[in-house]
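Here is a short briefing on a protein–DNA model. Please look over the structure before reading the points below.

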There are 2 protein chains.
Amino acid sequence: MSIRNPKQALYEQFAIVAKALGHPLRLEMIEQLAQGARSVEALAAKLGQPIANISQHLQALRRAGIVAAERDGKFVRYSLADESVLSAFASVRAVAERRLAEVDRIVRGYFEARDQMRPVSRDELQVLMRDGLVTVIDVRPPDEFALGHVPGAINVPLGEIEAWSQNADAGREVVAYCRGPWCVMSFEAVAALRSLGHSARRLEDGMPEWKAAGLPVEMAA
Amino acid sequence: MSIRNPKQALYEQFAIVAKALGHPLRLEMIEQLAQGARSVEALAAKLGQPIANISQHLQALRRAGIVAAERDGKFVRYSLADESVLSAFASVRAVAERRLAEVDRIVRGYFEARDQMRPVSRDELQVLMRDGLVTVIDVRPPDEFALGHVPGAINVPLGEIEAWSQNADAGREVVAYCRGPWCVMSFEAVAALRSLGHSARRLEDGMPEWKAAGLPVEMAA
DNA sequence: TCGTCATTCAATTATTCTGTTGAATGACGA
DNA sequence: TCGTCATTCAACAGAATAATTGAATGACGA
């Protein structure tokens, strides 16, 4: 244990990152920080935890290079270190979603007792679209898009995000959605768009919920 | 803590996956399993660990849905549960690479010092092979080679590099690959070949990435 | 049916992690 | 310079995890 070859040392570094992701509260903190920078106090209030506890978890995340700290007046504002954190979060979730039968069960229960913390709600999106303030993209594969999508949305499958973004107005905000709140594709789309300099957010949930809410659905021509 | 809403329960499931990735030995096991299915005994031998220890870590990985078990005669063969595991591994690594200063130091100090030449990308290698310009050697042990290798590659385990090079055309460039971007064997192979007067480079990554990219894989006869 | 043997379980100890408390730090505004 | 207040540190108890040992399982082959 004391004598480590470089290979083992590397694995230890990787393990530090994964271990930092290995706690429910820290994951929740990461999702909060994905919405924007937060002070320790704000995070603590949001998550209903003692401030000192949040502070310590933030230290752990910082040691792993997952979050960055920046002083802003009296506050220290924490934010995600970079976009790669979001994709790591998304792929951990992808493993959990595909493999843990229990997740399905929990997710179903979750739809009934949802709380408020998704970036853009359906109602909010309707207002934004009515006022022409955002571009809405549907990142699902074309066949799913053809079966019904948010009126006015553009179909931009994940693989085409980068090409599409080059012709898009970089100053206009993009709202991405896919299959639902636990679908990774819209996370990845947002991460990709942000790293390309665009302003992007996720829709709170996805197509099935939109249709279930009785909102208009457009079919392919 | 005892009363969990569905959201927290969900984060707990995600945390189980991340926690399972949060141990150097388990990460090493995952890299091994990315090469192909392995028995407990084979893994233990490969990593120099007690069998019971490996078995317990495998249970942890299985609980997290990261590996799958399948009985094969007397042995239980473990393998990665699906492709999403590899991408989770890769994104954890990406976070570590970008953010941990120590990783940079380790990588520069150990890996890059041994390989100042640009590694060969997969696309580049395909062109070089198509045009017959290079000899490709797979420096992994024969058992891993047998489970799948780059078509046309020759299996030259590390210990046989010197003997093999004496019968090889010294004017022909060699491309070596092994288990992946962090596998040391191809670095050492390239270093050995260069010191023997050959022209040698590494493939940028290794076998699991080649297979994951959907490129053809050849099995042993 | 029985022995073999790869694998798993159970129990132990050492280590690490978690959450709480209260005190210390240190930047800002007066 | 000093008080205020967001944040961090230090220290503790309780819980979880890791590695080791030896015994128990249970599927295969004879």
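By class, 8 nonpolar, 9 polar and 5 charged residues make up the surface near DNA strand C. The model is predicted. The points below take DNA strand C, then DNA strand D, then a helix pair in chain B, then confidence in chain A.

**DNA strand C**

- DNA strand C is surrounded by 22 residues. The closest are R26(A), H57(A), E41(B), S55(B) and Y78(B).
- Of the atoms of DNA strand C that come within 4 Å of the protein, sugar and phosphate account for 76%.
- Four elements each supply at least two residues of this surface: α4 of chain A, and α3 (40–47), α4 and β3 (75–80) of chain B.
- α4(B) gives the most to the surface near DNA strand C, with 5 residues.
- The side chain of S55(B) has an N or O atom 2.9 Å from a phosphate oxygen of DNA strand C.
- V40(B) uses its backbone: an N or O atom there lies 3.4 Å from a phosphate oxygen of DNA strand C.
- Q56(A) approaches a base. A polar side-chain atom of Q56(A) lies 3.4 Å from a base oxygen of DNA strand C.

**DNA strand D**

- DNA strand D has 22 residues around it. S39(A), E41(A), S55(A), Y78(A) and H57(B) are the closest.
- Sugar or phosphate makes up 76% of the atoms of DNA strand D within 4 Å of the protein, and bases make up the rest.
- The surface near DNA strand D divides into 8 nonpolar, 9 polar and 5 charged residues.
- A polar side-chain atom of S55(A) sits 2.9 Å from a phosphate oxygen of DNA strand D.
- For V76(A), a backbone N or O atom is 3.2 Å from a phosphate oxygen of DNA strand D.
- Chain B takes part through R26(B), which has a polar side-chain atom 3.3 Å from a phosphate oxygen of DNA strand D.
- Two or more residues come from each of α3 (40–47), α4 (51–63) and β3 (75–80) of chain A, and from α4 (51–63) of chain B.
- The largest share of the surface near DNA strand D is that of α4(A), with 5 residues.

**Helix packing in chain B**

- Helix α2 (residues 24–34) of chain B packs with α4(B) at an angle of about 80 degrees. Their axes are 10 Å apart.
- Angles of 65 to 115 degrees count as roughly perpendicular, so α2(B) and α4(B) are roughly perpendicular to each other.
- From α2(B), the residues in contact are L25(B), R26(B), M29(B), I30(B) and L33(B). They meet N53(B), I54(B), H57(B), L58(B), A60(B) and L61(B) in α4(B).
- The contact of α2(B) with α4(B) has 8 nonpolar, 2 polar and 1 charged residues.

**Confidence in chain A**

- Chain A averages a pLDDT of 80, and 85% of the residues score at least 70.
- Where is confidence lowest in chain A, and where is it highest? Helix α6 (residues 101–112) is lowest, at a mean of 51. Strand β5 (residues 154–155) is highest, at 94.
- Over residues 110–118 of chain A, pLDDT stays under 50. The model has 22 contacts beyond four places in sequence for these residues.

Technical notes
Residues numbered from 1 in each chain as written. Chains lettered and ligands numbered in written order. Heavy atoms only, no water. Near = heavy atom within 4 Å. Polar contact = N/O pair within 3.5 Å; in protein donor to acceptor, adjacent residues only side chain to side chain. Nonpolar A, V, L, I, M, F, W, Y, C, P; charged D, E, K, R; others polar. pLDDT = per-residue confidence, 0-100. Contact = heavy atoms within 4.5 Å. Axes fitted to C-alpha atoms, helices over the stretch in contact; angles between N-to-C directions. Parallel < 35°, antiparallel > 145°, perpendicular 65-115°, else oblique.
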